[in-house]
Amino acid sequence: MSNSHLFLKSGFPRAPLQNGLGRYVCQLQRITLKFCKNNGSSRGMRDFIENHLLDFAKENPGIVVYVKPRRHRTPVLVGEYLNGEREWMSCRNSTQEEISKWIDLLKTQNGSSSSLRLRKMWHTEVPSIQGPWTPFLLRSPDAQGQAYPSAEASKPLETPQTATEKLIELFRQQQLEAGEEAHDVLNKKRAE
Amino acid sequence: MSFLRSAVGLLARAKLLEGSPTVQTRRHIKRWVSPTLRELAHRQKKLGPQKPERRAGFVEWNQRSELFAFGKRLGESFELSELQRAFTEKSFAEREEDRRRQLGIEESDLHMPHNSDLVEKGQHIARAYVEAFLQHQLPKVPNEGLQAIASFLLSTETLAHVSSHLGTKDLIQSTEYPPSAESLAKSLHAVIGALASSSGIERAFIFVRDFICTQLNQKDLLDVWTPQEPIQLLEKICQERKLGEAEPRLLGDCGKNTVLAAYQVGIYANRQLLGKGFGEDVKTATETAALDALQSIFDTRDNRRPFDFAIQLEPKTVRLG
């Protein structure tokens, strides 16, 4: 996330109104094409209106199309969505193909997608399927018949080797290395 | 003044032309822009926050096309006059009639149809279908629970949410804008009524299934309906369904007489574990265990089979009236 996105609205990818579950409803409800009749910057928009607009309206009877000529102003696309959002898009010097693509984009989204920062690429209503943790969750079967206080259960799980034990071990090793003779000598000394 | 300023500007330019090529120091934003904007902002602030403009009052608005597109968008065919009536509220119609009367229009032309009968019809259809749908999808839940879930689905908030996401907000003709939650919900009922009268009751049923029943998707049913006294209800249900006497037993406890005490209680009937729950004391643990047992008896757990939103209920099973 860059600094310019700090104040961008954020959200998760969601289908509004469980769209597509019962039936699919196109979320673009109306589109307004504003253009100038003689300015060069509106040329692509005029071409689009001349060549493609009727087909678009026939293919999408659920989208209301308004065409609004106005003098000496930049051509503009305004899409209004079912969730009340409104998207304004300048089409200055765009060709008719570009405008077709932008309109296709408006048709397939449910709000201005470029003005929403996605916090994650997925979303769930049920983040935990396990429920809250309790001391009884995933308990060992051994713990079932245990009588408390028990010496076994009271011991720490891991006890490090003490210095005395280490010394004894070292001594045993020395004995092994010295062989049986040394052992005998030591035993005699002890007997005395 | 302006003459003086332009003269000064000309002089400045003449000076620049004489000297070496430097950056032109001319204002490109006109001097009137800033004070005008400031004045406009000042006036706007003085007016205070304004209500949003009615979308239907814009130049680019055609009521007939909007109504046509509304039907097509939802994949339904409405009679436009009926749909127009569905969106006209009674209060609005009365106000309009008053206005016309004052203009001196004859009494015979005064009448403006409104949606109150369609609302009633739609309400009837929606309730009947939602109840039949729930009965079919949740066969093990008792009547009380089905009523609670149905009233959630048919509550004003849910219906207003659905209605506003279908784009009725701009189409409703009411005395206030934006329309209140009640009028949004009413208009949805009226649309259902209009659909039933223009393309048959079966289409209206499918409409209710697709837009109202789908609101149950991914909902925790325990949130929608929480039994107030789960232990008593469990006993009653066990008696009714002959599961045996429900008997809570302590499965485990931990940290007795401390702040972090936890108890786990299981509910048994006929030597079968129905459900288990935990809590900070035995009473709460028993209650949560009873809720858990009820959920497993009613088959309303989170991991139940998802609702089937593609079923075609036979119209016979939907009890109208």
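In this predicted model, helix α13 of chain B, made of residues 282-298, lies across β1, β2 and β3 of chain B. Relative to β3(B), the helix runs at about 135 degrees.

The three strands under discussion form an open sheet in chain B, ordered β1-β2-β3 and paired in the antiparallel sense. At its edges are β1 (246-254) and β3 (272-279) of chain B, each of which pairs on one side only. Averaged over the sheet and with direction ignored, neighbouring strands are turned by 25 degrees against each other.

The pairing of β1(B) with β2(B) can be followed in more detail. Strand β2 of chain B covers residues 262-269, and eight bridges join β1(B) to β2(B) in an antiparallel arrangement. One residue pair can be located directly in the structure: G252(B) has Q264(B), a residue of β2(B), as its bridge partner.

From the sheet of chain B, the description moves to the interface between the chains. Here 23 residues of chain A are in contact with 26 residues of chain B, where contact means C-beta atoms, placed from the backbone, within 7 Å. On the side of chain A that touches chain B, two strands of chain A, β2 (28-35) and β3 (64-69), each supply at least two residues. Of the elements there, β3(A) gives the most, with three residues. By residue class, this side of chain A consists of 13 nonpolar, seven polar and three charged residues.

Definitions and conventions. Residues are numbered from 1 along each chain as its sequence is written. Chains are lettered from A and ligands numbered from 1 in the order in which they are written. This is a predicted model: local features need pLDDT of at least 70, side-chain atom pairs count only at pLDDT 80 or more; totals for chains, interfaces and linings use all residues. Two residues are in contact if their C-beta atoms, placed from the backbone, lie within 7 Å. Helices (H or I, at least four residues) and strands (E, at least two) are DSSP runs, numbered from the N terminus. Ala, Val, Leu, Ile, Met, Phe, Trp, Tyr, Cys and Pro count as nonpolar, Asp, Glu, Lys and Arg as charged, and the others, Gly among them, as polar. Two strands pair if DSSP finds at least two bridges between them. Axes are lines fitted to C-alpha atoms, for helices over the stretch in contact, and angles run from 0 to 180 degrees between N-to-C directions.
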